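Q: I am new to this structure and would like a close look at a single part of it. Please keep the answer plain and connected.

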Amino acid sequence: MSTKFNRRHFIAGGAAAAAMPLLSRAASAQAAWPSRQIRMVCSYPAGGQTDLLARAFGDFISRQVGQNVIIENKAGASGSIGAAEVARAAPDGHTILCSISTTYVMNRVMMKNPGYDMDKDLTLVSIIPGAGLLLIASLESGVKSLDDFVAFARKKGQVNFGTYSAGSAPHMTINELNKQYGLKIEPIHYRGEAPMWTGLLDGTLDVAMGSYTAAQSVLQSNKGTLFAVHSRKVPAIPNVKTLPEQGATSKFFSISGFTGWALPKATPQPIVDRLSELCVAANQDPKVKEVLATFALDPAIGFKEANALYQRELPIWIESGQALGLPPA
């Protein structure tokens with residue numbers, strides 16, 4: 001009896017011992033992330049805001065984990081090319097997406113088939129809430145407030161209002177102002193902010209809307225009048241009122257947009273949490289602080305806060321996109 005008892009324990013113990021290395025290897029592989037070089041795919045061109053944020057945060061992460069973080073720019077189709085590549089990558093934390101809310105939110109409304117499904121294929125890890133976007137009018141327009149702009153648009157009829165892409169926040173803004181004030185403004189879409197602001201400088205545009213940093217070429221030349229910010233105050237220009245403060249009522253003027261990082265959906269939660277922690281910790285790095293200050297951005301927030309903001313803003317983006325006549329998400 002005793003012999004059988006011991007033998008059963010010996011066999012059970014042997015089976016458990018044989019299984020332990022497999023369990024240990026699995027746990028250790030997860031705990032050891034990253035085990036090799038990390039690819040951070042930036043889905044917008046080199047030299048822009050998204051790229052500079054990717055490089056600053058990537059450098060910090062590299063120093064913390066002891067592995068190289070290589071930034072690869074995969075631009076095109078409003079960020080969908082890079083996003084689709086990350087969505088197809090192995091879910092092991094070694095391929096990260098850095099992109100903006102257009103990619104994470106608006107592409108589901110703007111494109112019939114962007115090549116990925118945000119909810120099924122990607123996990124949002126950390127985000128940097130967007131700064132307020134500036135509305136700047138040409139000096140010739142005489143616009144100094146939202147009321148002035150509405151009066152100008154009604155009088156002129158054909159207003160040349162520049163955006164940096166179709167489906168962008170400026171595009172939505174035009175549509176919402178048209179609805180509230182009975183205007184008929186048709187947007188002029190550019191491929192990026194730089195040519196858009198040049199259009200305001202050379203007299204092609206009456207009004208343009210974009211980021212604080214990119215607008216410096218206009219502000220410093222004194223060739224435009226800043227008359228509003230979209231939804232959030234910009235610390236560097238605290239006296240400039242938001243559109244809601246000047247009477248705009250659309251829910252769209254309550255959202256900020258964001259830049260953020262995502263991983264393939266099946267990535268283990270401990271890796272998601274670790275990357276989120278690193279992104280938040282990067283806020284204290286001098287290089288990261290410098291880039292955030294350059295673009296007048298708030299610090300990065302973690303996984304739970306990021307996804308709460310995403311869920312809060314998503315239906316508003318979708319509703320505004322559908323109001324443009326874009327297909328349902």
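In which loop is Ala296 found? Please describe that place, and then the sheet and the other backbone features.

A: The model is a predicted one. Ala296 is found in the loop between helices α11 (286-294) and α12 (303-323). Its phi is positive, about 55°, although Ala296 is not a glycine. Ala296 has a relative accessible area of 18% and therefore counts as buried, because the cut-off for buried is under 20%.

Ala77 also has a positive phi of about 55° and is not a glycine. Ala77 is located in the loop between β2 (69-73) and α3 (80-87). With a relative accessible area of 41%, Ala77 is partly exposed.

Another loop, between α1 (2-31) and β1 (38-42), holds Pro34. The peptide bond that leads from Trp33 to Pro34 is cis, and its omega is near -5°.

Next comes the sheet. Five strands form an open sheet in the order β7-β6-β8-β5-β9, and their pairing is mixed. At the edges are β7 (186-189) and β9 (224-229), each of which pairs on one side only. From one strand to the next, the twist averages 30°. Strands of a sheet pair through backbone hydrogen bonds, in either a parallel or an antiparallel way. Between β6 (residues 160-163) and β7 the sense is parallel, with four bridges. Asn160 has Glu186 in β7 as its bridge partner.

Helix α8 (residues 193-201) lies across β5 (134-138), β6 and β8 (207-210). The helix runs at about 155° to β8.

Methods
Residues numbered from 1 in each chain as written. Predicted model: local features only at pLDDT ≥ 70, side-chain atom pairs only at ≥ 80, totals over all residues. Heavy atoms only, no water. Pairing = 2+ DSSP bridges. Helix = DSSP H or I, 4+ residues; strand = E, 2+ residues; numbered from the N terminus. Axes fitted to C-alpha atoms, helices over the stretch in contact; angles between N-to-C directions. Contact = heavy atoms within 4.5 Å. Buried < 20%, exposed > 50% of the residue type's maximum accessible area, 1.4 Å probe, protein only.
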